[in-house]
Amino acid sequence: MADRFASPFEIETPEGAEGWQSLYSYSAVFAEERRDYEDGGFWFHDGVHWPEALTPWDAGVFEVAIAALGQYNTRHYLVPPAYGVDLRILNGYAFLSPVPAPEADIEGRVPHFIERAGFYFANWDRLYDDWLVKVRSLVQQMTELDFSPLPQMEDMDVITSGAGRGSGDRLLSTYHRLLDHVFTLWQYHFEFLNLGYAAYLDFFGFCKAAFPSIPDLAIAKMVAGVDVDLFKPDDHLKSLARLAVSSGVDDRFDGGSPEDVWAKLATDQPGQAWIAEWDKAAEPWFNFSTGSGFYHSDKIWIQNVEVPLGYITDYIVKVREGVDLNRPVAALHKERDRVVSEYRELLDSDEDREAFDAKLGLSRTVFPYVENHNFYVEHWAHSVIWRKMRELGGVLKDAGFIAEVDDVFMFRRSELPDVLFDLYAGWSIGAPSRGPAYWPKEIEHRRAVHEALKAWSPPPALGIPPEVVTEPFTVMLWGITSDSVSAWLNSGDGAEDGVLSGFAASPGLVEGPARVISSADQIGEIQDGEILVAPLTAPSWAPVFGKIKATVTDVGGMMSHAAIVCREYGLPAVTGTAFGTKTITTGQMLRVDGNTGKVTILD
Amino acid sequence: MTECPSAIAFGALAAEFHPQVGGKCASLGVMSQAGLPVPPGFAVTTRVFADARKAADTMSQIKDLLADLDSSDNVALASAAIRSRELVRNWELPEEHERVIREMYADLCTLCGVDDVPVAVRSSATSEDSPDASFAGEHDTYLWVCGIEEVLEKIRACWASLYTDRAIVYRHEMGYDHADVDMAVAVQKMVRPRTAGVAFTLDPSNGDRSGICIDAAWGFGEGVVSGDVTPDNFLVDKVMWSINRRIISPKTHAHLLTDGAPGAHPTVVRVELPEDQVLAPSLNDDEILAIARLARTAEKHYGFAQDIEWAVDDDLPPGSDIVLLQARPETVWSKKRHTVSAKKDLVSSIVDTLVNPLYSRKGAQTA
């Protein structure tokens, strides 16, 4: 077994991607100046959130998000052993490295942490209620951002109001405000998350100490909520399917385009009533990404109505067949209570039972945030961000700076003020901007580089692994453990003997044919009875879980979406296999053992 | 009170008849009804014994034989004992009782799908005056009894074993009246295990009480208990009922039943296994979970961690082929405390978790 991964400095640039570094921030790439530090560290690819090669602008969101994570550990709560997580982009892919607090500082950080984290834990519900207000208001502010084109001449009321500022100023400052909002959003995101995980880990550690063999998913089951916002979009699809059948408009869902279906619905009162219900559900619940939410290219239901419409059409068939689509909420509650009371009873003393109750109580207090934030930030707010950026893209396209609206994501975050200034200056002076002559060619080049990067597969990790991975956030958030690190070190290609290992994320043992899906666009290919093999799954794939027999993912741990949803649907899941989509091909027979975390290729 | 039947299946043995079936049968009945499936069989009640005794009318002779016997005079004791036993062995079974016993045995043969299914015929003595008397090991047990005629003969032989030398001395020393002790008889299927082994209702490697640890090997459990075969090992979670550990060991040998010479009883012999069995799991998942549930039921029934012996009986229908052979309290870990002792203050405990995770500390589970 090798004792280290490749140095980031040894990784070659894929053919056709030469000069890829210029697509990203100078501070986000490995560089000679920091070589000693970078070469001595351990960097893992964050495929949980950023599985694909990043475009320049999406990379900017990655940087902001990860910096915000660190801010809370390092400067707000003074998490005693952990600073933030360092970030790099290599060949377009996201790599992370947890930064420990210096040994000598840990003790001094403890009283601050107790005071600061203690305040949040003691006031959690109130602060979380405030958070929901804050984040909704932020989304509202983002929605109101106005990226309309620069006018031929300013409106008369600019004159009559004595505004003294024009549309160019507005355009530039609106972009700055969008960036500020992204920055604020990601600070909100981590305001609670690390503390939430810390409380969960404390309960987790207690359970492992009391019951060394307790399955991780048993602990997750005791804490996890049953009525979670992340399930709401799917619940609404099911309600809409039921409504279509009960109000007799289900015959209009005939596989036609959304426009056709809507036109047919609009012809009578029941159809219009259905559309009204759709509209009510759609804001905000269909601001739901088909991916992790971190890519502008992820499809958002509300803008790709064919996706939820397809699901509704499938559900209508089931409603007609008399299938009960309701989640068995009462049964799930009962099962959760059973698991809790049985482990509790097995504890050795009343003192332990008291500690168990307190820790479980805190975990359940913090968990609604852990489970729900994802909808508000990654799905809802991000879908607004991508939408606003496309509005800006429209302005740049109309001005001839770019050929396609989506080319706006080929700019770096920090480049756009210059680009917009160029646009503004040309507009204000009445002379040609340089942009239309300069950018289309440059963006075509960047697009080609990005394509070359997309075709490349990043190694799971780089550099020197720690002897043991105990850093709690790394374990919890990314599912990286000493075991997974040594599995990566052991396997060049993962499955020489036809067996892949990952997290036993949802129990059960099944065999079936594989369906390998590399992106959300392919989920329509999934057939009944297949085993889904994907880099990761997104919450919005929920409807496909009614078709498949099991799930295998490349990335993610016990609390990944695939794990949560599979437990909900009672399907076996093995997550974090690292090489699943690379080793398995569609049609191969698999055995998925969600009890042991083993996936066996049978042919 | 309902009239006591001639014979009662263990699974249907109501508590009201415990006085008529003796301690051994009563305990088999209690276990069957607590969801602890012992090998199937039935109890021949003391009513049969009493009716046969009455019909034969030999008790006064026996009383005379044993009266004023000097229990230190071995020769006189042995002679009186032999003559008493002869008398009892010749008791006639009242016809009605014999019909019921024949039916019960035939039913057992049908259940097992085996003609003349081999059974153990065990004495289950009881004393109306001393219901708690154990009579442990005082009376005879006959193994590998095949066919109804031999069963009927051995029932009488169990009755007669009331008058073995040691039983006579035991009663004498305990001050029981010879005529006050009644004899019920347990007729119980001999187990023919495809797989057998032991199960602990905790993980013996670390004392984890959420685990049920199963050792299993082909054939009889002797090899697992004595350690001359390396068993497969499984760990099942008591709450989630997931199989958390599965170690399939090379099982080169097994203790299997071998037919003896014609007319002789079969014997258990340690044999080498064919290659295809060596690395094959000796239990499937359904069986693993059924054994774990059996062990957990025993633990709940007795209120203590248990160490049980079980077998998968090849003669019984799948789904009810797992039988409990023995249950005793686990003694090693049960005596230890294993308090987690987390810090009381939640935030301080979180600091501990972050700085020095509980689960990475050594010896955290024993205090």
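Colleague: Are H6(A) and H13(A) roughly parallel or roughly antiparallel to each other?

Modeller: Start with the general idea. Two packed helices are described by the angle between their axes and the distance between the axes. H6(A) and H13(A) come out as roughly antiparallel. Under 35 degrees counts as roughly parallel, over 145 as roughly antiparallel, 65 to 115 as roughly perpendicular, and the rest as oblique. This is a predicted model: local features need pLDDT of at least 70, side-chain atom pairs count only at pLDDT 80 or more, and totals for chains, interfaces and linings use all residues. Residues are numbered from 1 along each chain as its sequence is written, while chains are lettered from A and ligands numbered from 1 in the order in which they are written.

Colleague: What angle and distance do the axes of H6(A) and H13(A) show?

Modeller: The axes cross at roughly 155° and come within 8 Å. Each axis is a line fitted to C-alpha atoms, for helices over the stretch in contact, with angles from 0 to 180 degrees between N-to-C directions. Helices are DSSP runs (H or I, at least four residues), strands likewise (E, at least two), numbered from the N terminus.

Colleague: Is the crossing of H6(A) and H13(A) left-handed or right-handed?

Modeller: Left-handed. The rule: left-handed if the near helix is turned anticlockwise from the far one by less than a right angle, right-handed if clockwise. The H6(A)–H13(A) contact divides into 25 nonpolar, 4 polar and 4 charged residues. Ala, Val, Leu, Ile, Met, Phe, Trp, Tyr, Cys and Pro count as nonpolar; Asp, Glu, Lys and Arg as charged; the others, Gly among them, as polar.

Colleague: Now across the chains. How many residues of chain A are in contact with chain B?

Modeller: Contact means C-beta atoms, placed from the backbone, within 7 Å. By that rule, 43 residues of chain A touch 35 of chain B. H3, H6 (167-210), H12 (329-346) and H13 (350-398) of chain A each supply at least two residues of the chain A side. H6(A) gives the largest share, 9 residues. The chain A side holds 29 nonpolar, 7 polar and 7 charged residues.

Colleague: At what angle do H3 of chain A and H11 of chain B cross?

Modeller: H3(A) (residues 103-122) and H11(B) (residues 346-355) cross at roughly 130°, with axes coming within 9 Å. That makes the pair oblique. The crossing is right-handed. Residues from H3(A) include Ile106(A), Phe113(A) and Phe121(A); those from H11(B) include Leu346(B) and Val351(B). The contact has 10 nonpolar, 2 polar and no charged residues.

Colleague: Which domains does chain B have?

Modeller: Domain bounds come from an automatic or database domain assignment. In chain B these are domain 1 (7-189), domain 2 (193-335) and domain 3 (337-367). The C-alpha centres of domains 1 and 2 of chain B lie 31 Å apart. Each of these two domains puts 13 residues into the contact. The domain 1 side has 11 nonpolar, 2 polar and no charged residues.

Colleague: Where in chain B does pLDDT stay under 50?

Modeller: pLDDT is the predictor's confidence in each residue, from 0 to 100. Where pLDDT is low, the predicted coordinates should not be read in detail. In chain B that stretch is residues 361-367, with 15 contacts beyond four places in sequence. Chain B averages 87, and 94% of the residues score at least 70. The model scores ipTM 0.81 and pTM 0.83.
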